[in-house]
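Subject: Structure handover

Hello,

Here is the structure for you to look through. My notes on what was found follow below it.

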Amino acid sequence: MIPSSAIILQSKEESSVDDSDPTGQKRGAYLFASIMLIVVWLFSVPPEFRRARFCTEEQYSTYRYCTTPKEWVNGVKDYYGNGGGVKFDFTVDPTINDPPSE
(Lines give C-alpha, C1' and ligand atoms only; values in the text may rest on other atoms or scores of the structure.)
Protein backbone atom coordinates (compact mmCIF):
# COMPACT_ATOMS: atom_id res chain seq x y z
CA MET A 1 0.00 0.00 0.00
CA ILE A 2 1.31 3.48 -0.94
CA PRO A 3 1.30 6.05 1.87
CA SER A 4 -0.98 9.01 1.25
CA SER A 5 1.95 11.46 1.51
CA ALA A 6 3.61 9.77 -1.49
CA ILE A 7 0.43 10.15 -3.53
CA ILE A 8 0.22 13.84 -2.66
CA LEU A 9 3.90 14.34 -3.63
CA GLN A 10 3.38 12.50 -6.90
CA SER A 11 0.31 14.55 -7.83
CA LYS A 12 2.16 17.82 -7.10
CA GLU A 13 5.06 16.79 -9.39
CA GLU A 14 2.69 15.88 -12.20
CA SER A 15 0.77 19.13 -11.90
CA SER A 16 3.99 21.16 -12.17
CA VAL A 17 4.43 20.04 -15.80
CA ASP A 18 3.79 22.96 -18.16
CA ASP A 19 0.77 22.01 -20.26
CA SER A 20 0.64 25.35 -22.07
CA ASP A 21 2.87 23.98 -24.89
CA PRO A 22 1.55 20.49 -25.71
CA THR A 23 3.02 20.46 -29.23
CA GLY A 24 6.49 21.62 -28.18
CA GLN A 25 6.52 24.67 -30.44
CA LYS A 26 7.93 26.97 -27.79
CA ARG A 27 10.77 24.57 -27.02
CA GLY A 28 11.38 23.98 -30.74
CA ALA A 29 11.74 27.68 -31.44
CA TYR A 30 15.36 27.62 -30.23
CA LEU A 31 16.24 24.76 -32.56
CA PHE A 32 14.42 26.42 -35.45
CA ALA A 33 16.22 29.73 -34.89
CA SER A 34 19.65 28.11 -34.73
CA ILE A 35 19.05 26.08 -37.91
CA MET A 36 17.79 29.18 -39.73
CA LEU A 37 20.95 31.08 -38.73
CA ILE A 38 23.09 28.28 -40.17
CA VAL A 39 21.09 28.22 -43.42
CA VAL A 40 21.27 32.01 -43.84
CA TRP A 41 25.01 31.93 -43.14
CA LEU A 42 25.54 29.16 -45.71
CA PHE A 43 23.90 31.32 -48.39
CA SER A 44 26.23 34.19 -47.49
CA VAL A 45 29.48 32.34 -48.26
CA PRO A 46 30.70 31.70 -51.82
CA PRO A 47 29.16 28.73 -53.66
CA GLU A 48 32.42 26.76 -53.66
CA PHE A 49 32.09 26.40 -49.89
CA ARG A 50 28.35 25.83 -49.89
CA ARG A 51 28.50 23.17 -52.61
CA ALA A 52 31.58 21.39 -51.31
CA ARG A 53 31.62 17.63 -51.22
CA PHE A 54 33.41 16.16 -48.25
CA CYS A 55 35.65 13.13 -48.42
CA THR A 56 38.44 11.44 -46.49
CA GLU A 57 42.16 12.05 -47.00
CA GLU A 58 42.44 8.83 -49.01
CA GLN A 59 39.55 9.77 -51.29
CA TYR A 60 40.99 13.26 -51.79
CA SER A 61 44.28 11.85 -53.09
CA THR A 62 42.31 9.89 -55.71
CA TYR A 63 39.42 12.26 -56.47
CA ARG A 64 40.34 15.93 -56.52
CA TYR A 65 36.75 17.19 -56.86
CA CYS A 66 36.03 16.78 -53.15
CA THR A 67 37.48 18.43 -50.06
CA THR A 68 38.32 17.32 -46.58
CA PRO A 69 36.50 18.97 -43.67
CA LYS A 70 39.82 20.42 -42.46
CA GLU A 71 40.46 22.07 -45.86
CA TRP A 72 36.90 23.41 -45.90
CA VAL A 73 37.28 25.03 -42.46
CA ASN A 74 40.66 26.49 -43.48
CA GLY A 75 39.11 27.83 -46.70
CA VAL A 76 36.30 29.55 -44.80
CA LYS A 77 38.82 31.01 -42.34
CA ASP A 78 40.93 32.32 -45.24
CA TYR A 79 37.83 33.76 -46.92
CA TYR A 80 36.89 35.78 -43.84
CA GLY A 81 40.54 36.52 -43.01
CA ASN A 82 41.06 38.14 -46.42
CA GLY A 83 38.13 40.46 -45.98
CA GLY A 84 35.36 38.22 -47.30
CA GLY A 85 32.02 39.58 -46.25
CA VAL A 86 28.41 38.64 -46.37
CA LYS A 87 27.36 38.43 -50.01
CA PHE A 88 24.15 36.53 -50.58
CA ASP A 89 24.42 34.31 -53.64
CA PHE A 90 21.41 32.31 -54.78
CA THR A 91 22.81 31.17 -58.11
CA VAL A 92 21.93 27.71 -59.28
CA ASP A 93 24.63 25.98 -61.28
CA PRO A 94 24.57 22.28 -60.50
CA THR A 95 27.61 21.57 -62.70
CA ILE A 96 29.97 23.85 -60.78
CA ASN A 97 31.35 21.04 -58.59
CA ASP A 98 30.66 17.98 -60.67
CA PRO A 99 33.51 15.51 -60.95
CA PRO A 100 35.45 15.71 -64.19
CA SER A 101 34.11 13.43 -66.90
CA GLU A 102 36.38 10.56 -67.78
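Buried means under 20% relative accessible area, exposed means over 50%, and partly exposed lies in between, with a 1.4 Å probe and protein chains only. The model is predicted, so local features need pLDDT of at least 70 and side-chain atom pairs count only at pLDDT 80 or more, while totals for chains, interfaces and linings use all residues. Residues are numbered from 1 along each chain as its sequence is written, and side-chain values use heavy atoms, leaving out hydrogens and water.

Val40 is in helix 2 (residues 25-42); helices are DSSP runs of H or I with at least four residues, numbered from the N terminus. Val40 counts as partly exposed because its relative accessibility is 41%.

Ser44 sits in the loop between helix 2 and helix 3 (47-50). Is Ser44 buried or exposed? At 3% relative accessibility, Ser44 counts as buried. Apart from neighbours within four places in sequence, Ser44 is in contact with Tyr79, Tyr80, Gly85, Val86, Lys87 and Phe88, where contact means heavy atoms within 4.5 Å.

The whole structure has 1 disulfide, a disulfide being a pair of cysteine sulfur atoms within 2.5 Å. This disulfide joins Cys55 to Cys66, with 2.1 Å from S to S. Cys55 lies in the loop between helix 3 and helix 4 (57-62) and Cys66 in the loop between helix 4 and helix 5 (69-81), so the pair ties together parts 11 residues apart in sequence. The link of Cys55 and Cys66 is right-handed, with 80° about the S-S bond. Cys55 is buried at 9% relative accessible area, and Cys66 is buried at 8%.

Regards

Technical notes
Helix = DSSP H or I, 4+ residues; strand = E, 2+ residues; numbered from the N terminus.
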